[in-house]
Amino acid sequence: MSILFFKAYGKLIYFDLYLARGNFSALYEKVRNYPVGKQALRSAAVEEICSAVDMACIWYWKEALCLQRSAATACLLREFGVPAQLVIGAQQMPFKAHAWVEVAGRVANDKPYTPAMYAVLDRC
């Protein structure tokens with residue numbers, strides 16, 4: 001397993017602690033203020049990081065929901081120099097909320113048509 005897998009797993013644990021305390025605002029601020037690293041961006045970096053987070057979610061001891069998964073993905077991408085945004089959207093009828101990550105306006109860790117299904121509430 002690669003180092004990316006372990007970093008992703010660590011981020012899942014980190015953001016799970018915020019969610020366990022019900023501290024959504026602290027999670028939101030952590031993601032919003034996470035710095036973009038200065039590492040050289042490889043062309044396949046986004047796909048590799050998203051795959052590592054997906055694999056970490058498979059091995060995580062409980063289900064990682066979209067907010068936890070997307071917060072981990074956004075911060076990991078930023079750590080590796082990708083200016084990623086956590087996007088939170090909602091649907092009115094039936095009410096559903098969802099979180100995903102966008103890089104340069106394109107969905108990185110979900111289906112490409114996700115933004116069409118939800119009204120965007122915020123980007124961080």
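Predicted model: local features only at pLDDT ≥ 70, side-chain atom pairs only at ≥ 80, totals over all residues.

Reply: Residues are numbered from 1 along each chain as its sequence is written, and side-chain values use heavy atoms, with hydrogens and water left out.

Me: Is helix α4 largely enclosed or largely open, and how many of its residues are buried?
Reply: Helices are DSSP runs of H or I with at least four residues, strands are E runs of at least two, and both are numbered from the N terminus. Buried means under 20% relative accessible area, exposed over 50%, and partly exposed in between (1.4 Å probe, protein chains only). The buried residues of α4 pack against α1, α2, α3, β1 and β2. Helix α4 is largely enclosed by the rest of the structure, because the buried count is twelve of 14.

Me: Which residue forms a salt bridge with K11?
Reply: A salt bridge is a side-chain nitrogen of Lys or Arg within 4 Å of a carboxyl oxygen of Asp or Glu. For K11, the closest N and O atoms of the pair are 3.4 Å apart, and the partner is E79. The pair links distant parts of the chain, with K11 in helix α1 and E79 in helix α4, 68 residues apart. K11 and E79 are also in a network of salt bridges with K7, and the partner asked for is E79.

Me: Which side chain makes a polar contact with the side chain of T114?
Reply: A polar contact is a pair of N or O atoms within 3.5 Å; within protein, one must be able to donate a hydrogen and the other to accept it, and residues adjacent in sequence count only if both atoms are side-chain atoms. T114 is buried at 3% relative accessibility, and a polar atom of its side chain lies 2.7 Å from the backbone oxygen of K111. The side-chain partner, at 3.5 Å, is D110.

Me: Which residue forms a salt bridge with D110?
Reply: The closest N and O atoms of the pair are 4.0 Å apart, and the partner is R69. D110 lies in the loop between β3 and α5 and R69 in helix α4, so the pair ties together parts 41 residues apart in sequence.

Methods. Contact = heavy atoms within 4.5 Å.
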